[in-house]
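Subject: The helical model, handed over

Hi there,

Here is the structure I promised you, together with some notes on what turned up in it. Have a look at it first, and then read on.

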Amino acid sequence: MTQNVILLVVAMVGLTLFADRFVVGAAQLAARLNVSTVVAGALIIGFGTSAPELVVSTVATLTEGAEGTALGIGNIVGANVANLTLVLSVPALVFGGIAIQKGVKRQAALSATGVTVFAMAAYAGQPTVVKGVSMALLMVVALRIIVRL
């Protein structure tokens with residue numbers, strides 16, 4: 001038990017340090033490529049931090065069938081709840097009032113639209129190949145919109 005707690009603490013410290021370096025590296029890459037940090041955040045950080053969730057959801061679906069699909073959907077919902085609440089609320093609690101730029105409001109609307117489309121697809125029944133392809137195409141459209149904004 002003690003060994004597991006020590007490993008957990010070491011992993012959390014490592015995750016914190018490397019996540020910070022990951023964000024700094026993404027910001028430096030955005031500066032070198034002369035793109036906005038929002039684009040770097042959406043493309044590099046967004047995909048980089050979602051990759052483990054994608055692997056877990058894919059493996060669960062392939063090995064467990066319907067139960068794995070339910071786990072994958074729960075994984076998506078949990079990640080969105082954590083991102084939208086923790087990532088937005090903790091800085092506001094620590095630093096107080098934070099000004100939201102005009103472009104961020106448009107991206108927030110795009111994010112809310114994506115969550116709504118996902119909720120409607122999940123409510124409409126079981127996941128299918130058509131729904132998966134549709135969601136992937138919508139992701140490409142959303143990324144193009146983010147790059148243009």
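Let me start with a single residue. Asn 34 is exposed, its relative accessible area being 71%. You will find Asn 34 in the loop between helix H1 (2-33) and H2. Its backbone deserves a look too: the phi of Asn 34 is near 60 degrees, a positive value in a residue other than glycine. For context, most residues other than glycine have a negative phi. Please keep in mind throughout that this is a predicted model.

Now the overall picture. The protein chain has five helices and zero strands, and reading along the sequence gives the pattern α-α-α-α-α. The C-alpha trace spans about 50 × 40 × 30 Å along its principal axes. Of the 149 residues in the chain, 10% are buried. The chain exposes about 11,100 Å², and 73% of that comes from carbon and sulfur atoms. As for contacts with a separation of 6 or more, 46% of them are between residues 24 or more positions apart.

H1 with H2. These two helices pack at an angle of about 140 degrees, and their axes are 9 Å apart. That angle makes H1 oblique to H2. The crossing of the pair is right-handed. From H1, the residues in the contact are Phe 22, Val 23, Ala 26, Leu 29 and Ala 30, and they meet Thr 37, Ala 40, Ile 44, Ile 45, Gly 48 and Thr 49 in H2. Sorted by class, the contact of H1 with H2 has eight nonpolar residues, three polar ones and no charged ones.

H2 with H3. Helix H2 (residues 37-64) packs against helix H3 (residues 66-95) at about 160 degrees, with 6 Å between the axes. H2 and H3 are therefore roughly antiparallel to each other, the cut-off for that label being an angle over 145 degrees. H2 passes H3 in a left-handed crossing. On the H2 side the contact involves Glu 53, Val 56, Ser 57, Ala 60, Thr 61 and Glu 64, while H3 brings Ala 66, Glu 67, Gly 68, Thr 69, Leu 71, Gly 72, Asn 75 and Ala 79. The residues of this contact divide into five nonpolar, six polar and three charged.

Which residues does Ser 57 touch, once its neighbours within four places in sequence are left aside? They are Gly 72 and Asn 75. Ser 57 sits in helix H2 and is buried, with a relative accessible area of 14%; the cut-off for buried is under 20%.

H2 with H5. Here the partner is helix H5 (residues 129-148), which packs with H2 at an angle of about 145 degrees, the axes being 8 Å apart. H2 passes H5 in a left-handed crossing. Val 38, Val 39, Ala 42, Leu 43 and Phe 47 of H2 make the contact with Met 139, Leu 143, Ile 146 and Val 147 of H5. By class, the residues of the contact of H2 with H5 divide into nine nonpolar, no polar and no charged.

- Leu 54 lies in helix H2 and counts as exposed at 57% relative accessibility.
- Thr 128 belongs to the loop between H4 and H5 and is partly exposed, with a relative accessible area of 42%. Thr 128 and Leu 62 are 66 residues apart in sequence and 14 Å apart in space, C-alpha to C-alpha.
- Ala 119 is in helix H4 (residues 102-123) and counts as partly exposed at 41% relative accessibility.

Enjoy looking through the model!

Key:
Residues are numbered from 1 along each chain as its sequence is written. This is a predicted model: local features need pLDDT of at least 70, side-chain atom pairs count only at pLDDT 80 or more; totals for chains, interfaces and linings use all residues. Side-chain values use heavy atoms; hydrogens and water are left out. Axes are lines fitted to C-alpha atoms, for helices over the stretch in contact, and angles run from 0 to 180 degrees between N-to-C directions. Helices (H or I, at least four residues) and strands (E, at least two) are DSSP runs, numbered from the N terminus. Angles under 35 degrees count as roughly parallel, over 145 as roughly antiparallel, 65 to 115 as roughly perpendicular and the rest as oblique. A crossing is left-handed if the near helix is turned anticlockwise from the far one by less than a right angle, and right-handed if clockwise. Contact means heavy atoms within 4.5 Å. Ala, Val, Leu, Ile, Met, Phe, Trp, Tyr, Cys and Pro count as nonpolar, Asp, Glu, Lys and Arg as charged, and the others, Gly among them, as polar. Buried means under 20% relative accessible area, exposed over 50%, partly exposed in between (1.4 Å probe, protein chains only). Accessible areas come from the Shrake-Rupley method with a 1.4 Å probe; for residues, only the protein chains shown count as cover.
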